[in-house]
Amino acid sequence: MRPPICWRHIVENPTVNPHTLKLEIAATAAALVVEEGLEYGPAKRRAVKQMDLPGRSELPGNDEVEDAVREYIALFCADTQPFELAALRALALTWMQRMAQFRPYLGGAVWHGTATRLSDIYIQLFCDDPKSAEIALIDHDVDYEPRTVTGFTGDSVEALSVRSLCKPLQETVGVHLMVYDHDHLRGALRPDAKGRKPRGDLADVQKLLMMTSQEPHS
């Protein structure tokens, strides 16, 4: 562990490189994401407080935090994270199969490969009738909590949140089913800022799990 650094003192130095400071915020946020399961936004805000920086400090982008999360996992969680990720992807696949009629796509850390046992699962559903997914949960006696969240379009969407046991991890995991209109599907498949596929369908997730099972084990 590095000794604590007085970042407030450093940031007041006019010669400090703003890019360096943003990377340090990203690194601090990454530790909070991995160790406490925080989402990127809250992790960045907590990092600023933890580093005793001014509240209006420029924050790193999500891509920079994701890069820092990957570095943190490689340094501190390389022995455990692959198993945890595979378990979460298997659970995500189970829910995608249950909701197959609503065109499910997996996104977030579980899709991109940065998830740990503390990560939630985010599945986007693209429905002809926005209420149909909720009705399906009711018909199958699934306890869920409806919430309104900001979707990838920037607009508010309904999220149906359930708690689901991940047996390999012996953890109860949050599974969030984000309900979109079918017309949003085309925009959902546009490459992200890194040129990657931003989410994957059933076949994509099955392929990821198959690749994981075929990797050599130490």
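Me: What pattern does the protein follow, read along the sequence?
Reply: This is a predicted model, where local features need pLDDT of at least 70, side-chain atom pairs count only at pLDDT 80 or more, and totals for chains, interfaces and linings use all residues. Residues are numbered from 1 along each chain as its sequence is written, and side-chain values use heavy atoms, with hydrogens and water left out. Helices (H or I, at least four residues) and strands (E, at least two) are DSSP runs numbered from the N terminus, and the protein has 9 helices and 5 strands. In sequence order the pattern is α-α-α-α-α-β-α-β-α-β-β-β-α-α.

Me: What percentage of the residues in the protein is buried?
Reply: Buried means under 20% relative accessible area, exposed means over 50%, and partly exposed lies in between (1.4 Å probe, protein chains only). Of the 218 residues in the protein, the buried ones make up 42%.

Me: Is S2 largely enclosed or open, and how many of its residues are buried?
Reply: Strands count as paired if DSSP finds at least two bridges between them. S2 pairs with strand S1 (residues 105-107) in the antiparallel sense over 3 bridges, with Leu106 opposite Ile123. S2 also runs parallel to S5, joined by 7 bridges, and here Gln124 stands opposite Met178. The strand is largely enclosed by the rest of the structure, because the number of its 7 residues that are buried is 6.

Me: Why do the buried residues of helix H4 line one face of the helix?
Reply: Helix H4 (residues 62-76) has 15 residues and reaches 21 Å from first to last C-alpha, close to the expected 21 Å (the expected span is 1.5 Å times one less than the number of residues). Its buried residues are Val65, Glu66, Ala68, Val69, Tyr72 and Ile73. An α-helix has 3.6 residues a turn, so residues three or four places apart point the same way. Seen down the axis of H4, the buried residues line one face because they fall within an arc (of the directions from the helix axis to the C-beta atoms) of 165°.

Me: Which exposed residues does H4 carry on the face turned away from its buried side?
Reply: The buried residues of H4 are covered by elements including helix H2 (18-36), helix H3 (40-50), H5 and H6. On the face turned away from them, the exposed residues are Glu71, Ala74 and Leu75.

Me: What is the relative accessible area of Thr114?
Reply: Thr114 is found in the loop between H6 and S2. Leaving out residues up to four places away in sequence, Thr114 has contacts (heavy atoms within 4.5 Å) with Tyr40, Glu66, Val69, Arg70, Ile73, Gln81 and Ala109. Thr114 counts as buried because its relative accessible area is 7%.

Me: Which arc do the buried residues of H7 cover?
Reply: In H7, the buried residues are Ala133, Glu134, Ala136 and Leu137. What covers them includes H5, S2, S4 and S5. They sit on the same side of H7, because around the axis they cover an arc of only 155°.

Me: How many disulfides are there?
Reply: A disulfide is a pair of cysteine sulfur atoms within 2.5 Å. Cys77 is buried, at 12% relative accessible area, and Cys166 is buried too, at 2%. By the distance rule, the number of disulfides is 0.
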